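This report is written for a reader who is meeting the structure for the first time. Please look over the sequence and the model before reading on.

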Amino acid sequence: MPHDVNLIATIAVGFVLASIFGYLADRLRLPALVGYLVAGVFAGPFTPGHIADPAMAGQLAEIGVILLMFGVGLHFSASDLLAVRGIAIAGAVGQILLATLMGMALTHFWGWDFGHGVVFGLCISVASTVVLLKALEERNLVQTTMGRVAVGWLIVEDLAMVLALVLLPAFATALGGHADAAHAAPDQGPVWLVLLLTLAKVAGFVLIAALVGPRVVPGILIRVAKTGSRELFTLSVLALALGIAFGSAAAFGVSFALGAFFAGVIMGESQLSHRAAANSLPLQDAFSVLFFVSIGMLFDPTVIVDKPLEVLAIVFLIVVGKPIAAFLIVLLLRFPVRLGLGVSASLAQIGEFSFILAGLGATYGLMTNEGQSLILAAAILSITVNPLAFMAADAVGKWAGRRFPDWAENFGKTKERALAAELRRIRSETEKREHEQARKITEFVETFPLFKAVNAEDQEELLLLFVPRTASPGERVVRVGEKGDAMYFVVSGTVTVNVNGTGVELKAGSFFGEMSLLTGAPRTADVTAVDYCNFLVLSQRDFRQFTSRHPAVREAVQAMAEERLAMNRAAATVVDHHSDEQLDSGASTADR
Ligand code: CMP
């Protein structure tokens, strides 16, 4: 195979095998991602007939992580994290500490040195957000209190890992590793300075993301949405997600994943966030599959044969030790048994950050090849048996309910209730905001049935095109003889159109100014506000562009203009000759 089709081959093989094994896994009632992992093992270099390129797959997987974290950010609100901070921060930090210590104890027993032990411990202490989200989605748990706590917990873990990633180079020598010749700056300065600089960089990024992002990003989205091009909109969403992720990694040294997460959070504040989410979802799905495939590809199955006990010990730590630690922390924080069990099951696996950290550790001489293989094997196994962790949590919950009914029922109830109420409040606020937008559209269509046949997405776009305007009683909105390049939709109030000396009243739901807009001729009449009026103004440019996609709307507006013209003409013949002439010139242009 010519080697310049590497990328295509990797994607093609990845997708084909992933869909076959994903389907088989589903038939066997296993989670589809087990199928993706197995597909990766088959596509990888360690099984016969390998075709796909692991390095390439690794980068494709990174895109998957970026898009997924972007998705997490889109659906995640800062208020959610604030609400669960009481349990998530203490829980994540405590659990990372305990799990790292457990990992260090295990490797100490194997005779590894301190530095290797720390890196290894950190690697197994953090669970995969990607796996967690899939697990929660499959069980419909994302919106539950437990789901929110687990996601918040993992976000804190991710943040901690980002910190670990940026700090590891600074501490490499202190931990007994070596400075990486390729990456380390020759005069890094004292550790505290590096630490301070690193923290300042991360803080700087978060600050810029929080201050600048919400002012710029939603505006860009609206601007693009106004063009009416769906493809341009999807492109912009992806450009923002990948651009912010890559840019922040380059400028601030934070991980792609964190950058993408913040890009999502910022975009989530926009009124167009649901469209951004819907448009990026297919790509998210496709690339997250490649994430699992590429993990499978890196896996060398011989490690299971060569070091079965080590692999089992690590898996035991991940699926038993870590969850027990998490469970105890949850109880210590006085939250209920079932919540603790659910969170523990969610955390009983390791994933993307573990590989990234292990890879970085290897660069600084703090992780052996064997260690990396062990971590990979443990990751694959723990991800595969993760459904069992959920089943076990369920079983333990039921058992506890029977054995200690009072405790299982009442322990931690007050705290959980308060948290659930707070989360409900946040949820209802977001829902209110979403409904508000939907209500606005329904109301708009009810007032202007003209747009009923237009699809929902374009109705929303139309609302973006309108510029609101008000008028006070007596104010002349349109003056006869003026050039007209906009039309007005009356949302509330009444206007009178002065034709041939008589006034025609127009109320909410009607429009005016369409004649000049259609013909380019001067305004044919004065239009004056009778009371306080609210209008939506549509410019000629936007009208043309919108009606080019919705000819029926244009025809309806045209028909109304012709009807009015005919009416005015008929009235004018009765009134006087002069106005007749004036309208005739209007008529000839309007008919064009
Ligand atoms: P235009 O000519 O752009 O500016 C004045 C507007 O008054 C005109 O478009 C129509 O929208 C409106 N208009 C003119 N004649 C009538 C009519 N007979 N009834 C209602 N509206 C009218």
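The sections below cover the basis of the model, the ligand site, the salt bridges and a nonpolar surface patch.

## Basis of the model

This is a predicted model, in which local features need pLDDT of at least 70 and side-chain atom pairs count only at pLDDT 80 or more, while totals for chains, interfaces and linings use all residues. Residues are numbered from 1 along each chain as its sequence is written, and side-chain values use heavy atoms, with hydrogens and water left out.

## The ligand site

The ligand is surrounded by 17 residues, the closest being G513, E514, R523, T524 and N568. At least two residues of the shell come from each of β4 (495-499), β5 (502-506), α22 (514-519) and α24 (551-575). Helices (H or I, at least four residues) and strands (E, at least two) are DSSP runs, numbered from the N terminus. By class, 10 residues of the shell are nonpolar, four are polar and three are charged. Here Ala, Val, Leu, Ile, Met, Phe, Trp, Tyr, Cys and Pro count as nonpolar, Asp, Glu, Lys and Arg as charged, and the others, Gly among them, as polar.

E514 has a polar side-chain atom 2.5 Å from an oxygen atom of the ligand, and M515 has a backbone N or O atom 3.4 Å from an oxygen atom of the ligand. In the side chain of N568, an N or O atom is 2.7 Å from a nitrogen atom of the ligand. On its own the ligand has 460 Å² of accessible area, and the protein covers 99% of that. Accessible areas come from the Shrake-Rupley method with a 1.4 Å probe; for residues, only the protein chains shown count as cover.

## Salt bridges

The whole structure holds 17 salt bridges, each being a side-chain nitrogen of Lys or Arg within 4 Å of a carboxyl oxygen of Asp or Glu. One of them pairs R230 with E457, with the closest N and O atoms 3.1 Å apart. This pair links distant parts of the chain, 227 residues apart: R230 is in helix α10 (residues 230-252) and E457 in helix α21 (residues 456-465). R230 is partly exposed at 48% relative accessible area, and E457 is partly exposed at 25%. Buried means under 20% relative accessible area, exposed over 50%, and partly exposed in between. R230, R275 and E457 are linked in a network of salt bridges.

R549 and D458 form another salt bridge, at 3.5 Å from N to O. R549 lies in helix α23 (residues 540-549) and D458 in helix α21, so the pair ties together parts that are 91 residues apart in sequence. R549 is partly exposed, at 32%, whereas D458 is buried, at 7%. R439 and E436 also meet in a salt bridge, at 2.9 Å from N to O. They are separated by about one helical turn because they are three residues apart in helix α20 (residues 413-447).

## A nonpolar surface patch

L207, I208, L211, V212, V216 and I220 make a nonpolar surface patch of about 500 Å². Patch residues have over 30% relative accessible area and no salt bridge; like charges are joined within 9 Å, and nonpolar side chains (Val, Leu, Ile, Met, Phe, Trp, Tyr) within 5 Å.

At least two residues of the patch come from each of α8 (191-211) and α9 (213-226), and α8 gives the most, with three. V216 is placed in helix α9 and is partly exposed, with 38% relative accessibility.

Notes. Buried means under 20% relative accessible area, exposed over 50%, partly exposed in between (1.4 Å probe, protein chains only). A residue is near a molecule or strand if one of its heavy atoms lies within 4 Å of it. A polar contact is a pair of N or O atoms within 3.5 Å; within protein, one must be able to donate a hydrogen and the other to accept it, and residues adjacent in sequence count only if both atoms are side-chain atoms.
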